[in-house]
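Subject: Structure for you to look at

Hello,

Please find the structure below, with its sequence. Have a look at it before reading the notes that come after.

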Amino acid sequence: MFQIRIHGRGGQGVVTAAEMLSVAAFLEGKHAQAFPSFGSERTGAPVVAFCRIDDKEIRLREPIMQPDALIIQDPTLLHQVDVFAGLAPGGTVLINTARSFADLGLQDFIEKFKVCALPATELALKHVGRPLPNAALLGGFSALSGRLALGSVKAAIREKFSGKVGEGNVAAAGAAHEYVLKELHAEAA
Amino acid sequence: MLKQLEGSHAVAEAVALCRPEVICAYPISPQTHIVEGLGEIVKSGALSPCEFINVESEFAAMSVAIGASAAGARAYTATASQGLLFMAEALFNASGLGLPIVMTVANRAIGAPINIWNDHTDSMSQRDCGWIQLFAETNQEALDLHIQAFRLAEELSLPVMVCMDGFILTHAYERVDMPSQQQVDAYLPKFNPRQILDPAEPVSIGAMVGPEAFTEVRYLAHVKQMQALELIPGWAAEFRRAFGRNAGGLVHPYAIEDAETVVVALGSVLGTVKDTVDEMRAQGVKIGVLGVTCFRPWPHMAVRTMLGGAKRVVVLEKSLAVGVGGIVSTNVRTALTGRAVPVYDVIAGLGGRAITKASLARAFALAMNDQLDLTTFLDLERGVVERVLAREREVRRSGPIAENILREVGMGAAGTG
């Protein structure tokens, strides 16, 4: 089982991101379960959503306390919430930021985990026209984790958003995917 | 057809496949997505004829459902928590009049203190209102139970409540196999009411009944629920033949054959319980699970038979009868009358507290050594409670309890993010 925890703030599409991840996994023939942390929905408040992916039926209903991967939609949460709680060694961390891990004071994490900083809000502004980073982050997550094909992520985005908004988010996801691949190559080189 | 859907949306689609003719809607979390989904389906014209009625309260929702059902229409509504309480009087009317209404309850705690999260207090508070109560383990089972519920309700002329865990199921995306309209039509015949308000053949429904006949009317209600116990397994078997999967029935055993310890539970927590039991089984522990799908009527004999080999029983429940302890456990104890088997009651998940494998494994291990308290509150912060109690002993005007507890756990009243 592969477990992903997504941290963000109310209004950033955190819950929708987990749902789209589950749809992308479903489209690849996997079992997937996505659920929110069930808080009162308030714009700007810290929000957590979860997604489990497996080859067999998922019965477990507890929150994800030991994630294999983290998607952090808002870097300001680093000072407010223990977003890294329970992250498995070697786990994957994707952060929405235009700054580097070193700038964020997370130099230690670079050695311990598979990390990437992605300017998803900027990509969303460019392709969608609104600062909603979730679809871009999923495109980036596809590249970073190697768990889901970009095509499945794009199809999942199109299930949630139709028309111009959908295509904008698909473009943002594609651009993010490319960005992360480049970062990974640069790191390997 | 396999789909990846939100639980609420899956239920809305399944209910639409049952061709309800009247849907009464009043929003309350965590049920709202279900009636919203149905509203969209009715508006699209895909479900016709169907009247979607926005009502002014839950009391009105059930009252409209009663009127619609008495007029011969297949009627559906959904609610949760305080909404269920607000329709309590009408619930007794629906069952007392024998009207086959189907209602989803997206299980949620009852205030005060106000809490929108999941537990079973709402359904449990209405367990004796004369409705059949079915509890879903997964979203697949939730949608399947709705299809069975209309069949059950109309064959027995009794209302049926399908209970699904609020948020945990209603807001979870997971894979479901959505049946086709043809499959549902073949399983669920057209509504043929036992009683109908028809101007061509006028009758009155809802007579005043005095001491001369009230006992007989109530006794018949009991007989009908007992009949349901006989009939439900057969209908579940028929469902399995028609749809190719298990859903419904009275109880579902898991790894129970040689189990010395059996955990009894209802609803979505069964998944976490089964995962915990698998891990304990891998270490050689003889533990099994009995899932109760049909809580009302209470499947006395089925529970008694299934627990026949158990040396001890752990009832895990998301409800509390204040001043008594467990509700499900009280029922389990009646099913074990005459047997010297300890029944441990584990109250868990109140107001949405997460029920984890780790906490369950600890409680089950204590039970296996007969070291568990007969009534245990899983993951209770005992220190917090004791500090509040100490303050109450010291200070007369100790203040409101909920606010004091929040202060103790380090959260302001508005800090539940």
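The notes below cover the domains, the sheet, the helices and the chain contact, in that order.

Please keep in mind that this is a predicted model.

Domains. Chain B is split into domain 1 (2-243), domain 2 (251-377) and domain 3 (390-417). Between the C-alpha centres of domain 2 and domain 3 of chain B there are 32 Å.

The sheet. Chain B has an open sheet of seven strands, and its pairing is mixed. If you want to trace the sheet on screen, follow the order β3-β2-β4-β5-β7-β6-β12 in chain B. At the edges are β3 (51-54) and β12 (294-296) of chain B, each of which pairs on one side only. From one strand to the next, the twist averages 20°.

As background, the strands of a sheet pair through backbone hydrogen bonds, and the pairing can be parallel or antiparallel. One pair to look at is β2 (residues 22-25) with β4 (residues 75-79), both in chain B: these strands pair in the parallel sense over three bridges. Within this pair, Cys24(B) has Thr77(B) in β4(B) as its bridge partner.

A helix on the sheet. Which strands does helix α2 (residues 32-44) of chain B lie across? They are β2, β3, β4 and β5 (102-107) of chain B. Helix α2 of chain B runs at about 135° to β2(B).

Two packed helices. Helix α1 (residues 7-17) and helix α7 (residues 139-156) of chain B pack at an angle of about 20°, and their axes are 9 Å apart. Angles under 35 degrees count as roughly parallel, so α1(B) is roughly parallel to α7(B). Their crossing is right-handed. On the α1(B) side, the residues that meet α7(B) are Gly7(B), Ala10(B), Val11(B), Ala14(B) and Val15(B). Their counterparts in α7(B) are Asn139(B), Ala142(B), Leu143(B), His146(B) and Ile147(B). By type, the residues of this contact between α1(B) and α7(B) are seven nonpolar and three polar, with no charged.

Where the chains meet. How many residues of chain B are in contact with chain A? There are 23, and they touch 20 residues of chain A. On the chain B side, β8 (173-177) and α10 (269-282) each supply at least two residues. The largest share, five residues, comes from α10(B). The chain B side that touches chain A divides into nine nonpolar, nine polar and five charged residues.

Regards

How values were computed
Residues are numbered from 1 along each chain as its sequence is written. Chains are lettered from A and ligands numbered from 1 in the order in which they are written. This is a predicted model: local features need pLDDT of at least 70, side-chain atom pairs count only at pLDDT 80 or more; totals for chains, interfaces and linings use all residues. Two residues are in contact if their C-beta atoms, placed from the backbone, lie within 7 Å. Helices (H or I, at least four residues) and strands (E, at least two) are DSSP runs, numbered from the N terminus. Ala, Val, Leu, Ile, Met, Phe, Trp, Tyr, Cys and Pro count as nonpolar, Asp, Glu, Lys and Arg as charged, and the others, Gly among them, as polar. Two strands pair if DSSP finds at least two bridges between them. Axes are lines fitted to C-alpha atoms, for helices over the stretch in contact, and angles run from 0 to 180 degrees between N-to-C directions. Angles under 35 degrees count as roughly parallel, over 145 as roughly antiparallel, 65 to 115 as roughly perpendicular and the rest as oblique. A crossing is left-handed if the near helix is turned anticlockwise from the far one by less than a right angle, and right-handed if clockwise. Domain bounds come from an automatic or database domain assignment.
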